[in-house]
Amino acid sequence: MGTDVRDRLGRPLRDLRISVTDRCNFRCPYCMPRELFGPDHAFLPRSELLSYDEITRVVAAFASLGVTKVRLTGGEPLLRRDLAVLVGLVAATPGVADIALTTNGSLLAAQADALRAAGLRRVTVSLDSLDPDVFQQMADTRISLQAVLDGITAAREVGLGPVKLNTVLRRGVNDDGLLDLVEYARESGHLLRVIEYMDVGSTNGWLPDQVVPAAEVLARVAAVHPLEPVGRASPGDVAETYRFLDGRGELGLITSVTKPFCTDCTRARLTAVGELYTCLFAASGHDLRAVLRGGADDEQLREAVSGRWRARDDRYSELRGRLPAGGPKAEMSFLGG
Ligand code: SAM
Ligand code: SF4
Ligand code: SF4
């Protein structure tokens, strides 16, 4: 492991999430509402994005400061050309022990093989409903639910399993499909993780009454399939895990709203344009692309990252409700979740 750099609350740096594109082929209203990300929306030109070589340099700097886990995300990461090339570069970076991908699954069937061959070991697929109509409502796309299900199956077949399935529940929209998702995950050997709908960004019109609290999710599932807690897989893991008493799998709950986990948050985020964010709810990031393109050597890049991490005191979710409302926040599709 690299140098152990700590932030102002004593938290080490362990995980890096990298958004590789701001584009997406879905328009999930809770993330990229079509009214704001419509045909006139200006996505970033390619020259603005970090190149794969630039991303790899940044990953090496983070790995030398203690990061062992890297996750590629977006926007939709599989829209970025030849993502498998980046997977190979990151997987080969000294210190990186774990490389994963979060995707909406729509392009996974065609790419799973190449990603696995390049060194990817784990994949998380977002899946909000098994009902085609509700799926369309949650994802606002012409792409079919079946394409996503085929992607999940392909991932398992090439050895990227067990696949984690991320479900965001919105009360009154998709929450009555919870048990169908539970059955699907149990039958197919995937790990379902239910995420509380968060007030990320400023565009999704989030309202607290649309959040289905994790405690309610747990009660609804346990009423049908009893569960017992097994805690978190590791301290920095965002999901609380429960095991089905009949031995048929596990359920993860991500309680970002009702039970924040900032105390254990060891995660940094890199946007597609190379900004370092130290919190999902931060208003701005630190421009590492300027450092890279300004000719910094590896040591200077390392210092830029460690200086930012040492200054970090973010704990938005723990302070939620006590902060002044309405300030600008970065969008989820920009930060990658
Ligand atoms: N496009 C990919 C996908 O959907 O998996 C990767 C990027 S997406 C921003 C990453 C994750 O963030 C997804 O699992 C998505 O469900 C989640 N997400 C987006 N907006 C959210 C919100 N407002 N609250 C909770 N989770 C959200
Ligand atoms: Fe796209 Fe993922 Fe956001 Fe949905 S959650 S709009 S798939 S980036
Ligand atoms: Fe980490 Fe910020 Fe989320 Fe707290 S609110 S867990 S500090 S990203």
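Is Asp140 buried, partly exposed or exposed? Asp140 comes out as partly exposed, with a relative accessible area of 26%; here buried means under 20% relative accessible area, exposed over 50%, and partly exposed in between, with a 1.4 Å probe and protein chains only. The structure is a predicted model, in which local features need pLDDT of at least 70, side-chain atom pairs count only at pLDDT 80 or more, and totals for chains, interfaces and linings use all residues. Residues are numbered from 1 along each chain as its sequence is written, chains are lettered from A and ligands numbered from 1 in the order in which they are written, and side-chain values use heavy atoms, with hydrogens and water left out.

Helices (H or I, at least four residues) and strands (E, at least two) are DSSP runs, numbered from the N terminus. Asp82 has a positive phi too, about 55 degrees, and is placed in the loop between strand E2 (69-73) and helix H2 (83-91). Then there is the cis peptide bond from Gly161 to Pro162, with omega near -5 degrees; Pro162 belongs to the loop between helix H5 (145-157) and E5. For context, most residues other than glycine have a negative phi, and most peptide bonds are trans.

Turning to ligand 1, there are 19 residues around it, and Gly75, Thr102, Thr103, Ser126 and Met198 come nearest (a residue is near a molecule or strand if one of its heavy atoms lies within 4 Å of it). By class, this shell has 7 nonpolar, 10 polar and 2 charged residues; Ala, Val, Leu, Ile, Met, Phe, Trp, Tyr, Cys and Pro count as nonpolar, Asp, Glu, Lys and Arg as charged, and the others, Gly among them, as polar. Strands E3 (98-103), E5 (164-169) and E6 (191-196) each supply at least two residues of the shell. A polar side-chain atom of Ser126 lies 2.6 Å from an oxygen atom of ligand 1. A nitrogen atom of the ligand is 3.3 Å from an N or O atom in the side chain of Glu76.

Around ligand 3, the residues include Phe261, Cys262, Cys265, Arg312 and Asp314. That shell divides into 7 nonpolar, 1 polar and 4 charged residues.

As for charge pairs, the count comes to 19 salt bridges, each being a side-chain nitrogen of Lys or Arg within 4 Å of a carboxyl oxygen of Asp or Glu. Side chains of opposite charge can pair when their charged atoms come close. Arg11 bridges to Asp7, with the closest N and O atoms 2.7 Å apart; Arg11 is buried at 3% relative accessibility, and Asp7 is buried at 6%. Asp7, Arg11, Arg312 and Asp314 are linked in a network of salt bridges. Asp4 pairs with Arg6 at 2.9 Å, and here Asp4 is partly exposed at 37%, as is Arg6 at 39%. Glu54 and Arg293 meet in another salt bridge (2.8 Å, N to O). This pair links distant parts of the chain, with Glu54 in helix H1 (residues 52-63) and Arg293 in helix H8 (residues 288-293), 239 residues apart. Glu54 counts as buried at 16%, while Arg293 is partly exposed at 42%.

Note on methods. Polar contact = N/O pair within 3.5 Å; in protein donor to acceptor, adjacent residues only side chain to side chain.
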